[in-house]
Amino acid sequence: MRLPPFECASPASLEEAINLLGQAAGQARVLAGGTDLLPAMKRRGIAAGLLVNIKGIAGLKQVSAREDGSTAIGAAVSVNEVTGLTAWPALAQAASRVAAWTLRHMGTVGGNLLVDNRCWYYNRSGEWWRGKEQCFKRGGERCYVFPSGRQCRAAASSDLVPALVAIGARVEVQSASGSRLLAVKDLYRADGAAPHTLEPGEILTHILLPPCPAGTGSAFIKLARRQTLDFALVNVAAVISLAEDGRTCREASAAVSGSVVAPTPLPVKQLEGREITTWLLDEVAGEAVKAMGFVTYAGAMDVPAGYRRQVAGVLLRRSLEQAWERARNA
Amino acid sequence: MGEQQAIGRSLPRLDGPAKARGEAVYAGDLNLPGMLCGKILTSYLPHARIRRIDTSAAVRVPGMKAAVTGQDTLGLGCGPTRFREKSLDFLPLARDKVRYIGDAVAAVAAVDEDAASAALEQIKVEWEELPAVFTPEEAMQPGAPLVHENMPGNISRRIVLEGGDIEAGFRQAYHIREDIFNTSSDSHVPLEPHTCVAKYDPPGYFTLWTSTQVPYMVKSDLARLLGVPENQVRVILPFVGGGFGGKSDGVFSLDLCAALLAQKTGRPVRIAYSREEEFICTRRRHPMQIYLKTGVNRQGEITARQARVIADGGAYSGWGHASIYLAGLFLCLPYRYGAYHYEGLRVYTNNPVSSAMRGHCAPQVQFAGDVQLDMLAEDLGIDPVEIRLRNALEDGEVTAAGFKIGTCGLKECIRKAAERSGWYTRRASLPPGRGVGIGCAGFPSGQGFRLRPDIPAYTTAVTRVNEDGSVTLLCGAADTGQGSDTVMVQIAAQELGVRPQDIRYVRADSDITPADLGNYSSRETVFAGNAVKEAAARVKEKLLAFIADEWQVPEESLEIAGGEITCASAPDKRISFAQAARGWQEKHQGKPLVGEGTYDPPDKKFYEAYSFGAQVAEVEVDKETGQVKVVNVVSAHDAGRVINPMAVEGQLEGSVHMGLGFALSEEMVVRQGRVLNPALVDYAIPVAADMPEVECVHLEVEDPAGPFGAKECGEGTVGPTAPAIANALYQATGRRFLNLPITPFQIVKGGDGQ
Ligand SMILES: Cc1cc2nc3c(=O)[nH]c(=O)nc-3n(C[C@H](O)[C@H](O)[C@H](O)COP(=O)(O)OP(=O)(O)OC[C@H]3O[C@@H](n4cnc5c(N)ncnc54)[C@H](O)[C@@H]3O)c2cc1C
Ligand code: SF4
C-alpha cells in the first residue's frame with residue numbers, strides 16, 4: 001500500500017495555514033502527526049490533494065495558562081506530553097492509554113480529537129474493496145456491518161475525547177472567517193461517515209481545559225483487547241466534585257466512547273446534591289449507561305454489542321468510584 | 001573442558017549484530033539493477049469461473065512492463081506433500097477458476113509500485129460466479145457445490161487411525177466423558193511478509209531469493225511448474241523474518257509470478273506481500289471442531305480415547321493431507337491410552353487455505369485432550385497434576401498411534417512445573433478470580449516419513465577446511481529466525497574442537513549448499529544437526545588418521561579439542577588444528593579437506609526423538625469485564641541436551657506468546673470467505689505488555705537420536721499454553737471454556753460448560 005500523490009505545505013504561521021486551507025476549497029487536509037491520516041490515505045479511505053502540515057507552527061505546540069485559569073493545549077502538542085499534565089488525572093490516564101509510545105510521540109492532541117471513526121470494513125485497503133460496492137463512509141449507499149442501517153455506524157475511537165468531554169473542555173477553532181469556541185462534545189455528530197462538525201477550512205488550534213476545582217477527582221478507564229497498541233472497545237471517563245463537607249456530590253459528569261458513533265456524555269447528574277456511597281454510584285451508573293443509545297461494534301466486529309453495553313456500565317461505575325476516591329483525597 | 005565447549009553455551013546469535021543494526025539483507029532489501037516491482041491481482045469472489053482475462057488496457061499504463069495470467073503457466077498444481085498426487089491442487093496462478101478470496105489471477109511487473117498498482121486496476125476479468133461453501137458442514141451436505149470437481153463431498157482427506165480395542169477400552173472405563181471443542185482460525189503473523197525477488201538469465205536460468213522455510217522444495221516445485229530442469233532453478237535463502245509454518249508450503253503465488261515476470265521482461269522482479277495479503281493469501285492454522293470421548297478407570301488412567309476431528313481446510317490442500325493425519329497422531333502425545341480411535345476429516349471450503357502452523361495441529365488437539373483430562377480429574381476427584389503423572393508416557397513406550405518414544409522427561413517436567421509454580425503450596429489459597437492450570441504436550445523432532453520423493457536427501461551438510469585452518473560449513477538448513485545457523489555452527493565447532501568463530505556458515509543456496517528438506521516438523525536441530533555433526537566427524541577422522549600416522553600413535557589415543565590435537569600416550573606432542581589441516585592438505589596434493597554428512601532417519605514411518613513439556617499458567621480474571629491477565633507461566637521442557645540455552649529460552653518464550661494469542665485473543669474473522677480483520681491493529685495478536693513472566697526450566701535428558709543428545713524445542717512448546725490457561729480459568733471462574741479463543745465476552749457469558 002502506497003500513499004497516493006499529494007502536495008504538502010509546511011506553513012510557519014497559523015494565518016498562512018488558514019489561507020492555504022481556504023484556497024484549496026475542501027481539497028486540503030490538516031496534517032498533524034499523520035498517524036491516522038496517512039494510513040487512511042494509503043487505504044484510499046481519505047483523499048486529499050494538499051496536506052497542510054501544522055507541526056511547524058510554534059504557537060500550536062505549546063501548553064499555556066490563560067488568564068481565566070484555563071489551560072490551553074496547542075493542537076500540535078504530542079499525546080506523550082499530555083501524559084505529563086497532572087491537573088486532570090483522567091486526561092493523563094487517557095493519554096497514556098493511546099496506542100503506544102512511538103505513536104504518542106508522533107500523534108498530536110488535535111489529531112487525536114479528530115481521529116477518524118473506525119470500522120472493520122472501512123479500515124481495509126482499496127485492494128480489499130475491489131469488486132465490492134462502496135459503503136456509506138466510502139461514498140456509497142449501504143452499510144455492511146449494519147445492513148439495515150441508513151447511515152454509517154463506524155465507531156468513535158479517540159481515547160482523549162471521553163476524558164475531555166467529562167472534564168468539560170472546549171476547543172478553539174479558527175478559519176478565514178474568524179474563530180469560534182465550542183464544547184468538545186459538539187465537535188462530533190452521530191454519523192460515522194462524517195463524524196466531525198469542523199467545517200472545511202477550519203483548524204482546531206487549542207484545547208481549553210477548565211481549572212480543576214477544589215475537591216474534584218477524575219478518572220478514565222479503557223477496555224481493549226490488548227494492553228497497548230489497540231483502540232478502545234469501550235472507554236469511559238468520569239469527574240466528581242465534592243461539596244465542602246467532603247461527602248456530598250457538588251457536580252458530576254461522565255462520557256463514553258469506543259462503542260458509540262459519537263462520543264457521548266453520560267447523565268450522572270442524579271449524584272449531585274446527594275451523599276455519595278458505592279451503592280449510589282452503582283445505581284446511577286447502571287441507569288446512566290442507557291444514554292449510550294445505539295451501541296456499535298463496527299470497530300471490532302468480534303465483540304458483540306450486548307457485552308459492550310454491559311461492560312460500559314462496569315467501567316462507568318469504576319471510573320466514578322476512582323474519581324470519587326481522588327476527589328476525597330484532592 | 002568448560003571454556004572449550006561449543007555446545008551447552010548461550011552463544012549469542014551469529015546473525016544478531018547484523019539484525020540489530022539493520023544490516024541483515026532480507027528479500028525486500030535486495031536491490032538488483034533494473035529491478036521491477038511486481039503485484040498480484042487476486043480474486044474478490046470466493047468461488048468463480050474465469051471466463052476471460054483482458055490485460056490489454058493494463059499494458060498501456062505508463063511504466064508497466066508485463067502481465068502474466070494462468071494462460072502463461074503450464075496449469076500444473078503444486079503443494080508441499082508431493083507423496084500424494086491429489087494434494088497437488090494449488091495453482092499459484094489460477095487458470096479456470098478461483099476458489100477463495102485471495103486466489104491469484106494475474107500479475108504485473110512495472111517500474112515502480114504505483115505503476116504496478118495502476119496497471120492491476122486496468123485488468124478486466126470476466127467472471128462466472130459459482131455458489132460457494134463456507135463451513136465444513138455446508139461443504140459436506142449432499143449436493144453442495146464442489147470446490148474441486150474431482151473431490152466428491154469436498155472431502156480433502158479422510159483418515160482413520162486405530163490402536164487397540166476401543167470398545168473394550170470403553171467397557172473397562174469407570175467413567176466416560178464426551179465433549180466438543182472448537183479452535184479458531186489463526187494466522188502465523190511473521191514480522192516479514194512473504195517476499196520474493198526473481199531473476200532470469202537466458203537461455204533459461206532462474207534465481208530466486210525468497211522468504212521461505214523450504215528452499216529446496218521451492219526449487220523443485222518451481223522447476224516443475226515452469227517446465228525446466230531442476231538445475232535451471234537456483235534458490236537462495238536470504239534472511240527470513242519468521243515463518244512459523246506459514247512459509248513452508250513451497251511455492252506461493254509470488255514465487256511463480258515473479259519468476260514468470262522476470263522471464264517475460266528479462267529484468268529482476270520483486271514481489272512483496274502487503275500485510276493484508278500476508279493474512280489473506282498465504283496460509284493459516286486449521287480451525288477444528290474436535291469431538292472427544294474419553295474413558296478412565298478409577299485411578300484416572302485413560303482406558304480409551306475416541307476422537308472425531310473436522311477441519312476447515314479452506315480452498316487448497318497445503319500441508320493438509322499430512323495435517324489431518326498428524327492431528328490424529330499428535331493427540332496420542334503425551335499420554336498413554338488403553339485404546340484409541342481417530343477419525344479425521346479435512347474438508348474443502350471457499351475460505352482461506354489452512355496448512356501447517358507451529359505445532360502442526362498438535363495445539364488444537366492437545367488443547368482438547370488436556371482440557372478434557374482436567375475435567376476427568378475433577379469428575380474423579382483427582383488432582384490435575386496427579387492425573388497427568390498417572391497417564392504420562394515414559395521412556396521407551398509405544399503410543400496408541402504407534403510412536404516409539406525414546407527418552408521422555410515428561411513426568412519430571414510435570415513435577416518441576418508444579419513445584420516451581422507453587423502448585424502444592426499456593427494454589428489452594430488463591431484469592432477469587434485467580435487460578436492456576438496445567439497443560440502438557442509432546443512433539444516429534446523431524447519426520448521420518450518420506451513426503452518428498454523428488455528430493456533424495458532428508459538433510460545434508462559439508463564441512464570444508466580452508467588453507468588457513470578455518471572451517472566453512474555448507475548447510476541447507478533454513479534459519480528463518482529461530483537460530484539454527486548458530487546451533488549448526490556450535491555443533492560443528494564441538495565436533496571439530498574449534499571455536500565457533502573459526503567457522504564460517506554458508507546459508508542455504510541450492511547451487512552451493514547440499515540439499516535439505518527445510519525447516520518444518522521441528523527438523524533442523526536433530527536432522528540437520530546430525531548431518532552437520534557427521535560432516536564434521538568425517539573431517540575429524542581424516543585429520544586424526546593423518547596425525548596418528550605422523551606421530552606413529554594409535555588413533556584412539558588422540559583428542560581434538562580447544563583448537564588442537566593432543567595425544568594421551570604422548571603428552572609432549574600437540575599440533576594446532578590449523579597446522580594439522582595444512583599438513584593433511586600438503587600430503588594430499590592440496591586436495592580440499594572436506595567432510596560430508598547426511599541424516600537418514602532409521603524409522604521411515606514416524607519419528608526418532610520426542611520432546612515433552614509441561615506448563616503451569618497463573619491467571620487473574622476480572623469477572624465483570626472478563627479480561628484476563630496471564631500473570632506467569634512456568635515452562636518445563638525436555639528438549640534433550642540443550643545446545644544453546646538462550647536460543648531454547650527464546651523458543652519457550654516465543655511459544656508462550658503464540659499460545660497466549662491462540663488461547664485468548666487471536667482469530668481471523670472470516671465471513672462469506674472474506675477476512676474481515678487482516679491487519680495487525682484489528683487481529684489481536686498479543687503485544688509485549690500482554691506477556692506474562694515466563695520461567696523456563698530446562699530438563700537435560702540426552703536422547704541418543706539427536707546430535708549430542710538434543711531434541712526439538714520449537715513446536716511442542718506451543719501445545720501446553722492454551723490448555724494451561726483454559727484450566728487456570730476454570731479455577732478462577734468455575735467455568736469451563738471449550739472454544740478458542742476464550743475472549744472476555746466468552747468469560748462474561750459464562751463459558752461452555754461446568
Ligand atoms: C496502530 C495504531 C493504534 C492507535 N491506537 C490509538 C489509541 O489507542 N487511542 C487513540 O486515541 N488513538 C489511537 N490511534 C490513532 C492516532 O494515532 C492517535 O489518535 C493520534 O493522536 C492522532 O494524531 P495525529 O496527530 O497523528 O493525527 P493526524 O493523522 O495527523 O490527523 C488525524 C485527523 O485529524 C485532522 N487534524 C489533525 N490536526 C488537526 C487540526 N489541528 N485541525 C484540524 N484538523 C486536524 C487531520 O486532517 C486528520 O483528518 C492509533 C493509531 C494507530 C496507527
Ligand atoms: S459502519 Fe460505516 S464504515 Fe462500516 S460498513 Fe457500515 S457504512 Fe461502512
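User: How many nonpolar, polar and charged residues does the lining of the second largest cavity have?

Analyst: Keep in mind that this is a predicted model. To read a lining, sort its residues by class. The lining of the second largest cavity has 6 nonpolar, 3 polar and 5 charged residues.

User: Which residues are the closest to the centre of the largest cavity?

Analyst: Look at the chain letters as well as the names. From chain A there are A:Glu127, A:Trp128 and A:Arg130. From chain B there are B:Thr42 and B:Glu277.

User: Which elements give two or more residues to the lining of the largest cavity?

Analyst: Chain A supplies α7 (126–129). Chain B supplies β1 (36–42), α3 (113–121), α8 (275–281) and β29 (674–675). Of the elements, α8(B) gives the most, with 4 residues. By class, the lining of the largest cavity divides into 9 nonpolar, 6 polar and 6 charged residues.

User: Now the interface. How many residues of chain A are in contact with chain B?

Analyst: Count both sides. On chain A, 33 residues are in contact with 34 residues of chain B. Then ask about area. The two chains bury about 3100 Å² between them, and 49% of it is on carbon and sulfur atoms.

User: Which residues in chain A lose the most area to chain B?

Analyst: They are A:Trp128, A:Arg130 and A:Arg226. Together they account for 25% of what the chain A side buries.

User: How many salt bridges and polar contacts cross the interface of chain A and chain B?

Analyst: Side chains of opposite charge can pair when their charged atoms come close. Here the rule finds 8 salt bridges across the interface. One to inspect is B:Asp682 with A:Arg124, whose closest N and O atoms are 2.7 Å apart.

User: Which helix gives the most to the side of chain A that touches chain B?

Analyst: Helix α10 (residues 305–329) of chain A gives the most, with 7 residues. By class, that side of chain A has 15 nonpolar, 7 polar and 11 charged residues.

User: How many salt bridges are there over all chains?

Analyst: The count comes to 74 by this rule. Take one inside chain A: A:Asp302 with A:Arg225, closest N and O atoms 3.2 Å apart.

User: Why does the pair of A:Asp302 and A:Arg225 tie together parts that are apart in sequence?

Analyst: Locate each partner. A:Asp302 lies in the loop between α9 (278–288) and α10 of chain A, and A:Arg225 in the loop between β9 (216–223) and β10 (234–242) of chain A, so the pair ties together parts 77 residues apart in sequence.

User: Last, the backbone. Where is a cis peptide bond?

Analyst: Check omega. A cis peptide bond joins B:Pro202 and B:Pro203, with omega about 5°. B:Pro203 is in the loop between β9 (195–201) and β10 (205–210) of chain B. Another cis bond joins B:Leu740 and B:Pro741, with omega about -5°. B:Pro741 is in the loop between α17 (721–733) and α18 (744–749) of chain B.

Note on methods
Residues numbered from 1 in each chain as written. Chains lettered and ligands numbered in written order. Predicted model: local features only at pLDDT ≥ 70, side-chain atom pairs only at ≥ 80, totals over all residues. Heavy atoms only, no water. Contact = heavy atoms within 4.5 Å. Buried area = accessible area lost by both parts, 1.4 Å probe. Salt bridge = Lys/Arg side-chain N within 4 Å of Asp/Glu carboxyl O. Nonpolar A, V, L, I, M, F, W, Y, C, P; charged D, E, K, R; others polar. 1 Å grid on protein atoms, 1.4 Å probe; cavity = no way out; pocket = protein on both sides within 12 Å on 5 of 7 lines; lining within 4 Å.
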